[in-house]
Amino acid sequence: MIDLSSLNQNQREAVLWNKGPLLVLAGPGSGKTRVLTSRIARILEESAGQHFRILALTFTNKAAAEMRGRVEKMVPDELGRVRLTTFHSYAAELLQQHGNHLSFRPDFQILSNDADREALLDDVLALLRKDLAYSLPDHFKAAQLLPAVTRLLEQCVPPEQAERWLQKANVENAAPLARVYTAYREALRQTNSLDFPSLIAEALDLLDKFPVLVKHVRKVFKHILVDEFQDTNLSQYRILSLIVRPDPSTLFVVADDDQIIYQWNGASPKRIQALRDDFGVSELQLPENYRCPALVIQLANALIEKNLNRSAGKRPLQAVKQGEGGDVVRIFRFNTVDEEAAWIAEDILQRNSKERAKCAVLARTKKLLELAGEKLEAAGIPVYFAVRKDEFKSAPLRMLHAILRLVNASEDKQSLARLSKAFYELEGISIGLPPVLSRASADGKDLLRSWLDEVMLRDTLEARTRQLLETDIKPLLNSLNYRVFADRLFAWAEAYQVESRPDEDAFNEFEEEREVWKMLLAEIAKKFEGEEVSLHQLLHELDLTSKTPPKPPEAIPCFTIHASKGMEFGHVYLMGLVEDQLPSWAAVKKGDNSLEMQEERRNCFVAITRAQESLTMSFSSEVFGWRKQPSRFLRDMGIEL
């Protein structure tokens, strides 16, 4: 039996709750992940032998993987009954299984970067311009139109309503833009492709049009849990609303309205109120903070209470840690931001290696972090930036990824081009696309096999490369055994790594990316516990997951506040606490009681509550050549300057 004795009263009540839908308002450091995983484990343990499943939705693969690991430790034999996943990954699963109703095949490709989306949009514009029935403005370019198309997708606007929606929003060129949007969605169907926003839009369309599918989902998933609910946008909320009906009694939602910092991505305080209005949820608060020193909690409470649109009756955070001595909170002022960044680097350098490993630098903007990173590196301290990496960089991983995509989607010309480029960097043999396309057309073969035939004609092909492409690839072509082929391709690439290749940069990041590949495969296998992961499932998960390598142990994380959310660090350095930085220029322009300023205040609240042991805040009189005033948030915290 799982042990709940270490949970506090509020946590235990949430874990054991069985009186209908529940909203848990969980402050930072309140143990919400522990509550979620303990609740899942409790339900699984009490229902051992039953066949219903649990669906738990969150926003990052990292959070989902962490929760899976905790659940597995508590109820190791029941993990296969839980689907712990992100909203986008769950939408992809729905479309794999039922997307044929919307003309999508299960092996659809996910366009994970803007370059691929712009390429498809370019094709759409070219086709529309050929049609004399339509007239597009000359200035319409893919790169400029993509944000508008993305906005329409994120709002899940049906194509037939796009023009009216754009007109209502006073958007210029509403009629031609609506035609582009409609044609783009049709092009996604014709090419069997989806991008991130259309995954959600099409999944919502699927659930909306086929109520029988909603019934099936509820039959399979008896309990639905949501982590970080405050981050949901409108379309994600609509998906949740559909799949919890007609009986929302087992809905369990964890949120914190003080940590809504993604309004630019559709998150809004309105979402929590909609949950109350639509489902009549009971509410439970977890105000206890186990992370931060008491003085940091005091500052955080003073800061966030200035926001006007918080949940009624929201209790202040309660510090569990007591009695910390020393410099728990420090505030420093500098003449210039250059001096500020240099001091931070020097202060971190002065710490012993154990304490240095607990440090992190946070700021509102990437520009500030880049300056801090320069000073840290100049001091001999390695730096780690949290930058999402959608594609592999090394030639061996790009070659592997392109081959897998071609096996999955036999007419994928972009993957063919990527394969040829990576192969040239590694082997020095140029394979042009025209002869491959001609061969495919003449022989009736798919692009990968035609490419292989073309490669085999080259006399300069080395024996081990011929072995890889003629024999070692057979497990992939015959039985889709991507693990065996990946191992053989890596072995082949290792043999080349010791030699001088035509492109010396071909192996940049190869070692770390190979480890990322292994890590991702392990996480995907754990996610689909007890199931065989098909090739298109693998590719979807790869496309939905960042390929960023984990932080090296000795590197100092330099994160934007948005990137730091959900994390905690021993010693937090929050730099750039000046007007027009934190809060942002846009928020300052809107005014102190604006929604933008309240979100900026939440940004500051999130930043300072990352600290486990100490918080250092700094600001400068001059930032990048501009005179600045100290941030109003320092005054909000009760700090006298």
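Colleague: How many bridges join strand E1 to strand E7?
Modeller: Four bridges join E1, residues 22-26, to E7, residues 251-255. The two strands run parallel. Keep in mind that this is a predicted model.

Colleague: Which residue of E7 is the bridge partner of Val24?
Modeller: Val254 is the bridge partner of Val24.

Colleague: What is the strand order in the open sheet?
Modeller: The sheet has six strands in the order E3-E2-E6-E7-E1-E8, and the pairing is parallel.

Colleague: Which strands stand at the edges?
Modeller: E3, residues 82-86, and E8, residues 282-286, are the edge strands. Each has a single partner strand, so one side of each has no neighbour in the sheet.

Colleague: And how are neighbouring strands turned against each other?
Modeller: By 15° on average, if direction is ignored.

Colleague: What lies across E2 and E3?
Modeller: Helix H3, residues 61-74, lies across E3 and across E2, which spans 53-58. H3 runs at about 160° to E3.

Colleague: New topic, Leu240. Where is Leu240 found?
Modeller: In helix H11, which covers residues 234-244.

Colleague: Is Leu240 buried or exposed?
Modeller: Leu240 has a relative accessible area of 2%. The cut-off for buried is under 20%, so Leu240 is buried.

Colleague: What is Leu240 in contact with, leaving aside neighbours within four places in sequence?
Modeller: Ile224, Val226, Phe229 and Leu251. Leu251 belongs to the residue range of E7, 251-255.

Colleague: How far apart are Leu240 and Arg12?
Modeller: They are 228 residues apart in sequence and 25 Å apart in space, taken C-alpha to C-alpha.

Colleague: On to helices H17 and H23. How do their axes cross?
Modeller: The axes of H17, residues 395-408, and H23, residues 482-497, come within 10 Å and cross at roughly 150°. Angles over 145 degrees count as roughly antiparallel, so that is how H17 and H23 are described. Their crossing is right-handed.

Colleague: Which residues make the contact?
Modeller: On the H17 side they include Leu397, Leu400 and Leu404. On the H23 side, Phe485, Leu489 and Trp492 are among them.

Colleague: Last one, Arg601. Where does Arg601 lie, and is Arg601 buried or exposed?
Modeller: Arg601 lies in helix H28, residues 595-608. Its relative accessibility is 2%, so Arg601 counts as buried.

Colleague: What does Arg601 touch, not counting residues up to four places away in sequence?
Modeller: Arg601 touches Leu303, Ile304, Lys306, Asn307, Asp592, Phe633 and Asp636.

Methods
Residues numbered from 1 in each chain as written. Predicted model: local features only at pLDDT ≥ 70, side-chain atom pairs only at ≥ 80, totals over all residues. Heavy atoms only, no water. Pairing = 2+ DSSP bridges. Axes fitted to C-alpha atoms, helices over the stretch in contact; angles between N-to-C directions. Contact = heavy atoms within 4.5 Å. Buried < 20%, exposed > 50% of the residue type's maximum accessible area, 1.4 Å probe, protein only. Parallel < 35°, antiparallel > 145°, perpendicular 65-115°, else oblique. Left-handed = near helix turned anticlockwise from the far one by under 90°.
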